[in-house]
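Subject: Structure for your files

Hello,

Here is the structure I said I would pass on. My notes come after it.

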Amino acid sequence: MTGDDTGRLIYLILLGCVVGSYFFVSGRKNLGETARAASLWVFIFLGVIVAYGLWNDVKDTVIPQQSVSIEQGVIETPRRPDGHFYLTLHVGEVPVEFVVDTGATDVVLSLADAARVGINRDELIFSGQASTANGIVRTARVRLTDVRVGDIEEGTVRASVNEGDLDTSLLGMSYLERFSRIEIRGDQLLLER
């Protein structure tokens, strides 16, 4: 146990004593009900501690993450509860989450993700158009440099910035065609070089 852990434990014990003292003093006339209320708070407190302690073990099941195997050239990403597959690419040092979209021709960035990777909206020329489920939207062509997924260097990736409302950036076929095999196996998407 580190010094910080010891300090936190002492703090929690003191906090428990203060809260327990309050219950004892305020409920002296009815100790049975005070004991019941105190035991309820102890169980809630212990439940929160257990849930917090187990979160690291449980989060991989609740929120599965993508894995990248460089030696085999395979990227695995799990299906999320919304039914889609997501892949996180780093553009420079900025992680950008994309929904894998085989129906999209290009890699398409939302305006928010474009700003996060350093693209200035005022310098974009929205000269293209894309047909979406929400109608026609204007697009601007960009080049993303220093792109990588895990430790796999992708180099430069052509993309478009969507001027319309786009919640999540799209990973379309212009990127997916870099892989020799795309396979859905159960709830896993496999991309292989």
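This is a predicted model: local features need pLDDT of at least 70, side-chain atom pairs count only at pLDDT 80 or more; totals for chains, interfaces and linings use all residues.

Surface patch

Nine positions are listed here by name: Tyr11, Leu12, Leu15, Val19, Val42, Phe43, Phe45, Leu46 and Ile49 make up a nonpolar patch on the surface. Together these side chains and their residues account for about 830 Å² of accessible area. Two helices, H1 (3–26) and H2 (31–62), each supply at least two residues of the patch. H2 gives the most, with five residues.

Phe43 is one of the patch residues, and its place is in helix H2. Is Phe43 buried or exposed? Its relative accessible area is 60%, and Phe43 therefore counts as exposed, since the cut-off for that class is over 50%.

Nonpolar cores

The largest nonpolar core has 29 residues, and within it Leu87, Leu171 and Tyr175 touch the most other members. Several elements each supply at least two residues of this core: strands S3 (86–91), S4 (94–100), S7 (135–149), S8 (152–162) and S11 (188–192), along with helix H4 (173–176). S7 provides the largest share, five residues. Another core, of five residues, lies apart from this one, and its members include Tyr86, Val99, Val108 and Leu170.

Largest pocket

The largest pocket holds about 430 Å³ of space. Its lining is made of 22 residues, of which Thr132, Val137, Asn162, Leu166 and Leu170 are the closest to the centre of the pocket. Strands S6 (128–132), S7 and S8 each supply at least two lining residues. Which strand gives the largest share of the lining? That is S6, with four residues.

Backbone at Asp146

Strand S7 also contains Asp146. The phi angle of Asp146 is near 55 degrees, which is a positive value in a residue other than glycine. At 43% relative accessibility, Asp146 is classed as partly exposed, because that class runs between the 20% limit for buried and the 50% limit for exposed.

Those are the points I have for now.

Regards

Key: Residues are numbered from 1 along each chain as its sequence is written. Side-chain values use heavy atoms; hydrogens and water are left out. Patches are made of residues with over 30% relative accessible area and no salt bridge: like charges are joined within 9 Å, nonpolar side chains (Val, Leu, Ile, Met, Phe, Trp, Tyr) within 5 Å. Accessible areas come from the Shrake-Rupley method with a 1.4 Å probe; for residues, only the protein chains shown count as cover. A salt bridge is a side-chain nitrogen of Lys or Arg within 4 Å of a carboxyl oxygen of Asp or Glu. Buried means under 20% relative accessible area, exposed over 50%, partly exposed in between (1.4 Å probe, protein chains only). A nonpolar core is a set of buried Ala, Val, Leu, Ile, Met, Phe, Trp, Tyr and Cys residues joined through side-chain atoms within 4.5 Å. On a 1 Å grid over the protein atoms alone, a cavity is a set of points where a 1.4 Å probe fits but cannot get out, and a pocket is an open set with protein on both sides within 12 Å along at least five of seven lines; lining residues have an atom within 4 Å of a point. Grid points are joined across faces, edges and corners, and a volume is the space filled by probe spheres set on the points.
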